[in-house]
Amino acid sequence: MDHTNTSFPPSRSATLKDVEGQGLSPAARAKVDRILNACEERPDIEALVQLASSAHGLVHDEVRRKAWPILLGYSSNGESSPGHNADWHDLPRHKDEDQVRLDVDRSFIYYPKSWYCSICHDRLYRLVDLTADETDRQLDHRKKQLSAVITQVLRTHPMLSYFQGFHDIVQVFLLVLGADDAPASVSHLSLLRIRDFMLPSLSASLAHLRLLPSILQAEDANLCHHLSQTQPFFALAATICLYAHDIEEYGDIARLFDFLLAHGAVVSLYFFAVIVLSRREELFDIPADEPEMLHSVLSKLPKPLDLEALISDTMSLYERYPPQTLPFRAWSKISPFSVLKTTQGNFRQQTLSDGVELFEKQVAQLHREQLLEHAKATLRKYRRPSRRVGLVIFVGVLAFCLRRYDYESYATFAFRRLLGYLRIMGR
């Protein structure tokens, strides 16, 4: 018996009839009907966001196939979907493909090999009875599809840098949308939602984490102070892969993605903050002067997660303390090109071309910041008072020029002049 199609149901526009007979309760069927109505030719984004955020999210994968592309800012039309590239095999090899292969070999660990599950209102799963050999063939087939989706996205958008954990995100899209439709959604996600994680350096990713203490301070100053000796790097592993590496149940991660895709990128940080706040008593049992222990505890998500309660609390926390109101001027320190800011407001009108343009602006900004940091480090090295004033003036001019002009050649020229100046001073 051929079980090839049991892993990934065919990609098509969902209808209420498609999900009837799937064990849905009357309330769940009614919600599915409302979701599909919101996904009509002129989608009701506000209604769809509300439905994706409410209890049990988008209910069923047949519905997610229609709703996720809309939440990502495009309509799914199969091969004509933006981001689809039928000729990607002929494109130059991406620099990170070796790492992709290693990570794909380690994929599909949590989600059971022998069955495809689809979450619904009462957590009903449909089992597929396969032999061990069939299971291995299924797993190999899934891994090949996963590798193809990732490679297609990276070759089509070669400026993107792969990061470990990206495969965890993509495998969720693959299981929900299927191999044909996943590349378009992953392209939109990569360039418009998680772009900061796919830049040439981790600087933008680490900037996300600096918002976390501000969120905690706004809600619970005592807890924030207790954790003040612990750097927020403990949140990196979970947030960079949208929790897909840590949440083991397929139905749970699909439901969480409903919520995350319905909102801007910053909501993922509020979600992590709510998890930290929910562990308040446990964290206060650990002395504040043991940051290593606190880091160890915080870097592992508690199990099980009450997703519905956490999502509800996240929305409440965000409403009480929107990012613009966070203490420590944290929001003002975020780059205007970061997804944290570009996914605020009516961001679903952004196109893949917009994502590429924002990517290039972020790279240019990072390059300027690196040059300035190098200049500051050199300034600290040359501390002779009589020569400090001239150097400070030069660095100030350099900073102004780098802000005023986005030309890498000019930046490189100016920085070389600075180093030459410093060599003369050091004689």
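Cys224 is buried, at a relative accessible area of 10%, where buried denotes under 20% relative accessible area, exposed over 50%, and partly exposed the range in between (1.4 Å probe, protein chains only). Cys39 is likewise buried, with a relative accessible area of 2%. The number of disulfides, defined as pairs of cysteine sulfur atoms within 2.5 Å, is 0. The model is predicted: local features require a pLDDT of at least 70 and side-chain atom pairs count only at pLDDT 80 or more, whereas totals for chains, interfaces and linings use all residues. Residues are numbered from 1 along each chain as its sequence is written, and side-chain values use heavy atoms, with hydrogens and water left out.

The chain contains 22 helices and 0 strands, these being DSSP runs numbered from the N terminus (helices, H or I, at least four residues; strands, E, at least two). Of its 427 residues, 51% are classed as buried. The accessible surface amounts to about 20500 Å², and carbon and sulfur atoms account for 52% of this area, as computed by the Shrake-Rupley method with a 1.4 Å probe, only the protein chains shown counting as cover for residues. Contacts were assigned to heavy atoms within 4.5 Å. Of the contacts in the chain between residues at least 6 apart in sequence, 77% link residues at least 24 apart.

The largest nonpolar core comprises 111 residues, among which Trp68, Phe173, Tyr243 and Leu256 touch the most other members. Helix H15 (residues 267-278) makes the greatest contribution to this core, with 10 residues. Such a core is a set of buried Ala, Val, Leu, Ile, Met, Phe, Trp, Tyr and Cys residues joined through side-chain atoms within 4.5 Å. When neighbours within four places in sequence are set aside, the contacts of Tyr243 are Ala238, Ile253, Leu256, Leu260, Ser268, Phe271, Phe272, Ile275 and Leu301.

H15 is mostly covered, with 11 of its 12 residues buried; these include Ser268, Phe271, Phe272 and Ile275. From its first C-alpha to its last, H15 reaches 16 Å, close to the 16 Å expected at 1.5 Å a residue, the expected span being 1.5 Å times one less than the number of residues.

Arg142 lies in helix H7 (residues 132-156) and counts as buried, at 4% relative accessibility. The C-alpha atoms of Arg142 and Ala179 are 9.0 Å apart in space, while the two residues are 37 apart in sequence.
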